[in-house]
Amino acid sequence: MKQHHRHTGPTLGKKPKESGLLASLLLWRRAFCLWWKADPRLFTSTAALLLFQTLSPYVTIYFTARLLNEITGACRREVLFSLTGYVLLSTAVLALGSALFTRRRNTLYAACWQKKDQFVIQKLLQMDFEALEQPHTHELIAKIEQGQNFGGWGILRSANQFQDLAGSLVQILGAIILCITLFTRKIPAGHSLSLLNHPLFLLVLATGLVGMTILSPRLINRADSFWSSFYKTSTQGNRIYMFHFRTGMEQDRAMDMRIYRQDLLARNYLGYAACDFAPGSYADRYWHRKGGAYYALSAVVSRLFTGFVYMYVCMKAWAGAFGIGDLAQYVSAITALSAGVSSLLYCLGSIRNNAPFLQTEFSFLDIPDRMYQGSICVEKRTDRKYDVEFRDVSFRYPGSKTYALRHVSLRFQIGERLAVVGENGSGKTTMIKLLCRLYDPTEGEILLNGINIRKYDYREYQQVFSVVFQDFRLPAYGLGANVAGSTHYNAAKARRCLEDAGLSPWLAGLPDGLDTCIGREFDENGIAFSGGELQKIAIARALYKDAPFLILDEPTAALDPVAEAQIYASFNTLVQDKTAVYISHRLSSCRFCDRIAVFDRGTLVQCGSHQELVSQTDGKYYALWQAQAQYYQT
Ligand code: ADP
């Protein structure tokens, strides 16, 4: 069978340019500031935890060393008792504090999972509508998700890195304090090992230890840098995977999935996507060979280091530089020092490996908002005398060469019912999008009460409109909350709006009334309403908002003829003193409007009442009317 789909797979093995440490630290600092702003308690509790957790072993090491010295030395009873008491007391206090702050910190950290998504969602909600439609925006979102799924890379990881970074610094400091005397205490002169006192030997030893300490985490970071390069090349496979994974879970696709066996189609595509991780894939080969070898080598180096430290400290103790208790202290402190330096280096490496992920997240958060936000307040008028005018407006969608609207001039008369008609693709919805300022005109201007709408505060301006879009969505929450757009709402008003939208008897029959959930995703008593019922709920939502302009884009497309007739009959009651714009390609449903604007291929070709337009036999309206009348007759 001929295979139509071709997926070349990621270009693997190419290692992108690494970010420098300084640049990575600056990115990390920016992420840290974001978290700090979101919840500073995350860091204050982590700092408290570190104090208890990191210092705890040192206190134990210190007192245990004193105890051992006393046992092998003077062995005084009262000193032994008091030292044991100190060990017990300090260990108990530190363990208690550590346990308390671990819980607190973990709870706060768990909340970060939601907060990290909030950063993305907030940006999505406030970015220019135009940017929302750009493929680049979606690619960035897919990459962010992918980084998080790969192992919490990105902004989330930077929250954790604070603990690693600060923890390793405290650990190093504590260890240095405990092992300073190891180097100052000398082997008695004349002993065969007194060579160990020589500064040159100390230098060689220190260099060796530092070298091994650095090498071990570097090997791990080298292995882990795989993720930042792999992530750049496997986006396509991951996007395919995520898409098909979600497709299967979306309830409103379930019918299509079964009837057209889309699961089989998905499986075919998934085969290509999954190959990124499948046995024999680049990832699989990498971790079996190079990546695995780096990890193994790192473990060997770290054990060698511990071996050398034991040897040096034991030799000095044997030669009489210090007692058995100090031996225990130094061995533990140096091992802890090495662990501290290792974890510091590992953390710096991980900050570096995280840099590409942060870069992606920040490129998303930095997508510029080019739309002028305006500052003038919209006049609050109780008489609803809002006057809107399109003045020679032309518009091209971003990236499109053709105009969707061309030289449109139109004035909305206050309180009128205006119908906008035209064939599909003639620019009706585009006009509404411009009116609601989802886009700005390419040429010309739109005025509200004589002032260019760009000058009004963006959010406030949008409050002037209630729109029922063709592809509206109602979330699976309660009916009343959906209508009001809030969980605290005026139930009587919500009920009235639903009744005005034609849902009166239906509403009375709902067992849970306004609390009925739309769909059954969150509530087993929820109801999967029909398309027509949903459309009426969407109309009720627009009525509840009670804005001066009511815009209905094909509001009756999903309604049966009886329901449609009911809506028209009650249209005047619905609209009251609002200015209503009614979009439809069914001309018969526009006759009740005062004025009809006819669009054809992006231009406003006619405007007038039904009688005026239908009498112009050479006009577009007449042609459309005839075509539709014929259709209804046949
Ligand atoms: P109508 O509402 O009259 O059916 P539209 O206003 O939706 O028509 O579309 C007008 C023209 O603009 C059509 O040619 C359509 O393909 C184009 N168009 C609509 N939306 C976009 C978009 N987001 N990007 C590019 N072109 C678009």
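In the predicted model, about 40 Å³ of space lies in the largest cavity, and the structure holds one cavity of 30 Å³ or more. The lining of this largest cavity is made up of Trp35, Asp39, Leu42, Leu108, Ala111, Cys112 and Lys115. Helix 3, which spans residues 77-126, gives the most to this lining, with four residues. When the lining of the largest cavity is sorted by class, five residues are nonpolar, two are charged and none is polar.

On the surface, Val300, Leu304, Phe308 and Met311 form a nonpolar patch, and together these four residues have about 370 Å² of accessible area. Val300 belongs to helix 12, which covers residues 290-318. An α-helix has 3.6 residues a turn, so residues three or four places apart point the same way.

Arg454 lies in the loop between strand 5 (451-452) and helix 15 (458-462), while Asp440 lies in the loop between helix 14 (428-435) and strand 4 (443-448), so that the pair ties together parts that are 14 residues apart in sequence. The two partners fall into separate classes of accessibility, because Arg454, at 35%, counts as partly exposed, whereas Asp440, at 17%, counts as buried, the limit for burial being under 20%.

In a further salt bridge, between Asp600 and Lys620, the closest N and O atoms are 3.7 Å apart. The pair again links distant parts of the chain, Asp600 being in strand 9 (residues 595-600) and Lys620 in helix 22 (residues 620-633), 20 residues apart. Here Asp600 is buried, with a relative accessibility of 13%, and Lys620 is partly exposed, with a relative accessibility of 24%. Elsewhere, salt bridges that share partners join Asp387, Glu389, Arg391, Arg411 and Glu445 into one network.

Backbone geometry was also examined. Most residues other than glycine have a negative phi. Asp392, by contrast, has a positive phi, near 50 degrees, in a residue other than glycine. Asp392 is placed in strand 1 and, at 38% relative accessibility, counts as partly exposed. Asn449, which is not a glycine either, has a positive phi of about 45 degrees. Asn449 is located in the loop between strand 4 and strand 5, and its relative accessibility of 23% makes it partly exposed.

A positive phi, near 60 degrees, is likewise found for Arg437, which follows helix 14. Helix 14 is largely enclosed by the rest of the structure, because seven of its eight residues are buried. These buried residues are Lys428, Thr430, Met431, Ile432, Lys433, Leu434 and Leu435, a set in which the two lysines, Lys428 and Lys433, are included.

Key
Residues are numbered from 1 along each chain as its sequence is written. This is a predicted model: local features need pLDDT of at least 70, side-chain atom pairs count only at pLDDT 80 or more; totals for chains, interfaces and linings use all residues. Side-chain values use heavy atoms; hydrogens and water are left out. Patches are made of residues with over 30% relative accessible area and no salt bridge: like charges are joined within 9 Å, nonpolar side chains (Val, Leu, Ile, Met, Phe, Trp, Tyr) within 5 Å. Accessible areas come from the Shrake-Rupley method with a 1.4 Å probe; for residues, only the protein chains shown count as cover. A salt bridge is a side-chain nitrogen of Lys or Arg within 4 Å of a carboxyl oxygen of Asp or Glu. On a 1 Å grid over the protein atoms alone, a cavity is a set of points where a 1.4 Å probe fits but cannot get out, and a pocket is an open set with protein on both sides within 12 Å along at least five of seven lines; lining residues have an atom within 4 Å of a point. Grid points are joined across faces, edges and corners, and a volume is the space filled by probe spheres set on the points. Ala, Val, Leu, Ile, Met, Phe, Trp, Tyr, Cys and Pro count as nonpolar, Asp, Glu, Lys and Arg as charged, and the others, Gly among them, as polar. Buried means under 20% relative accessible area, exposed over 50%, partly exposed in between (1.4 Å probe, protein chains only).
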